[in-house]
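Please look over the structure below.

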Amino acid sequence: MADNKKIKKALVSVYHKENLDAIVLKLNSLGVQLISTGGTQQFIASLGVPVEAVENLTGYPSILGGRVKTLHPKIFGGILARRDHEGDCEQMASFDIPEIDLVIVDLYPFEATVASGATAQDIVEKIDIGGISLIRAAAKNYADVLIVASQQEYLPLLDLLNSKNGESSPEDRKWFASRAFGVSSHYDSAIFSWFNGEDPASRRISLNNGQTLRYGENPHQSATFFRFSNSTSAITLAGSQVLQGKELSYNNMLDADAAWKSASEAFHSVASPEGKCAVSVVKHLNPCGLAVASTPMEALELAWAGDPVSAYGGIVCFSSGVDATIAAWFDKKFIEIIIAPSYSPEALDILSKKKNLRVLVTPVRPEIAGEKVIRSISGGLLIQDEDEGMDGEFHQVTACAFDEEKLNLARFGVMACKHLKSNAIALVNRNSDGSYWLTGAGMGQPNRLDSLRWLTIPRFLQKSGPEMSDAVLISDAFFPFRDSVEAANAFGVKYIVQPGGSIRDNEVIAACDEFGIAMVFTKRRHFRH
């Protein structure tokens, strides 16, 4: 590996000119000769700095509408030549190829062009050829060449120029090269993903700018948070704005995502009441409270009443804005995070008194976001479509008819149940004012009978007000035996919703007919592991 290298000649060819002036002026003050093309050349000249056109060096003009500018042996030879290689040096002298010690280049904005909804032709034109080639060539020859491949490296470069008077060490050049290959690999991943479309057999996941978290699921585990730069949805929890509070932890992020998704789907699940607001209260990835009501306060009180013991230290998400009255309601209550599309100035002033409370701003999630669920196993990844959207059809299977007026409640219930960890059983009720709420939740059990008997039913019975005969019971998967129906009947359940599909469906249906229970099948399972 070579020792420190003095920068004598630099090639500068960038798409974005922001913050470039300080670097150009510094290079000029160090006596570095500059080579450039097109708009970058004009920009450098406008600063009063001497600059040589690439065309003068190569003897060729920019051709094919700018597609070919720097792709020439006098450019790439000057970058790739090994300074300590006798044969390379002889050829450089023979063909009058100058050594290029620094390359500053960035790439056409391919991802931004795709995100803008541009035509295929415009997108293809933003596939950079010369820039990506310059990056790879300079990074490969980091033994002799310093590569700056994005604006994110401008400040480190300027610091280097100021501190070392235009010299770089092998460690410096390797650091910049690693960043450059990160830029090129991410760029190629974005291009591949656009061409590949939805082909499930091939995926490219490129992650940059990771945020180191305090710890992972437990204090002895390390963790890093990454944002996807090419998410299929414009609205994501990862893109939310954090207004105040402690740094978000690994568990906070998971729970906040669960709260945001369940509140958003609750909002979309029913058409009424007028001016509706959905509120979700989540603990350890499970909604312990979920409600839709005509005002945020009503929805909050119902959601909190769903399981006030579990709500302690939870995450609360609103589908509508938070005002001072809502903020003051939390005065004597401990929660980790509050999420809403907006906050009044008065609300923020009240919430600011809870210094550790995280306050997040993000809109309601679209009903269909089209995102993928990515999970790791030892030695691999699992990628699947997200379980989103509402169950559209309810198939009557019992002699006792399912009340038509209960169908909206059933839709809300299916949505609530699918956000609980399997095996999940939910009870939901609709109040006389048209509000909906989760009145009993059993989740995370190895069998659904235990979820029903020991979690869902006891949580319902702790409440005063809702009647079991008015409730709808939802199961996230089929009942394999009639025992769950027998247990539900023992407590007065009159309406059941489940996917169906068991080899013993007829036995389960017969049990419902025996007890006078109305049941519908959705033919759509909602396991959540």
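## Cysteines

Cysteine 288 counts as buried because its relative accessibility is 8% (buried means under 20% relative accessible area, exposed over 50%, partly exposed in between, with a 1.4 Å probe and protein chains only). The model is predicted: local features need pLDDT of at least 70, side-chain atom pairs count only at pLDDT 80 or more, and totals for chains, interfaces and linings use all residues. Residues are numbered from 1 along each chain as its sequence is written, and side-chain values use heavy atoms, with hydrogens and water left out.

A search of the whole structure finds 0 disulfides (a disulfide is a pair of cysteine sulfur atoms within 2.5 Å). For cysteine 288, the nearest cysteine sulfur belongs to cysteine 317, 13 Å away. Cysteine 400 is in no disulfide either; its nearest cysteine sulfur, on cysteine 512, lies 9.3 Å away. Cysteine 400 is partly exposed, at 32% relative accessible area.

## Helix H4

The buried residues of H4 are Lys74, Ile75, Phe76, Gly77, Gly78 and Ile79. Their cover includes strands E2 (9-13) and E5 (102-105). It also includes helices H3 (54-58), H5 (86-94) and H8 (130-140). Contact here means heavy atoms within 4.5 Å.

## Nonpolar cores

The largest nonpolar core has 30 residues. Such a core is a set of buried Ala, Val, Leu, Ile, Met, Phe, Trp, Tyr and Cys residues joined through side-chain atoms within 4.5 Å. Leu300, Val316, Phe318, Phe330 and Ile338 touch the most other members. Elements giving two or more residues include strands E11 (277-283), E12 (286-293) and E13 (314-318), along with helices H12 (296-306) and H14 (324-329). H12 gives the most, with 6 residues.

Phenylalanine 330 contacts Leu300, Trp304, Val316, Phe318, Ile335, Ile338 and Lys354, leaving aside neighbours within four places in sequence. Another core, of 29 residues, lies apart from the largest one; among its members are Ala266, Leu290, Leu407 and Ala410.

## Helices H11 and H16

Helix H11 (residues 250-269) packs with helix H16 (residues 407-418) at about 165°, their axes 9 Å apart. Axes are lines fitted to C-alpha atoms, for helices over the stretch in contact, and angles run from 0 to 180 degrees between N-to-C directions. H11 and H16 are therefore roughly antiparallel (over 145 degrees).

Ser262, Glu265, Ala266 and Ser269 in H11 meet Arg411, Phe412, Met415 and Lys418 in H16.

## Two buried strand residues

Arginine 358 sits in strand E15. This arginine 358 is buried, at 1% relative accessible area. Its C-alpha atom is separated by 7.9 Å from that of glutamate 247, 111 residues apart along the chain. Beyond four places in sequence, the contacts of arginine 358 include Arg214, Gln244, Glu247, Asn252, Glu336 and Ile338.

Threonine 439 is found in strand E20 (residues 436-442). Is threonine 439 buried or exposed? Threonine 439 is buried, with a relative accessible area of 0%. Not counting residues up to four places away in sequence, threonine 439 touches Leu427, Val428, Asn429, Arg459, Phe460, Lys463 and Pro466.

Definitions and conventions
Helices (H or I, at least four residues) and strands (E, at least two) are DSSP runs, numbered from the N terminus. Angles under 35 degrees count as roughly parallel, over 145 as roughly antiparallel, 65 to 115 as roughly perpendicular and the rest as oblique.
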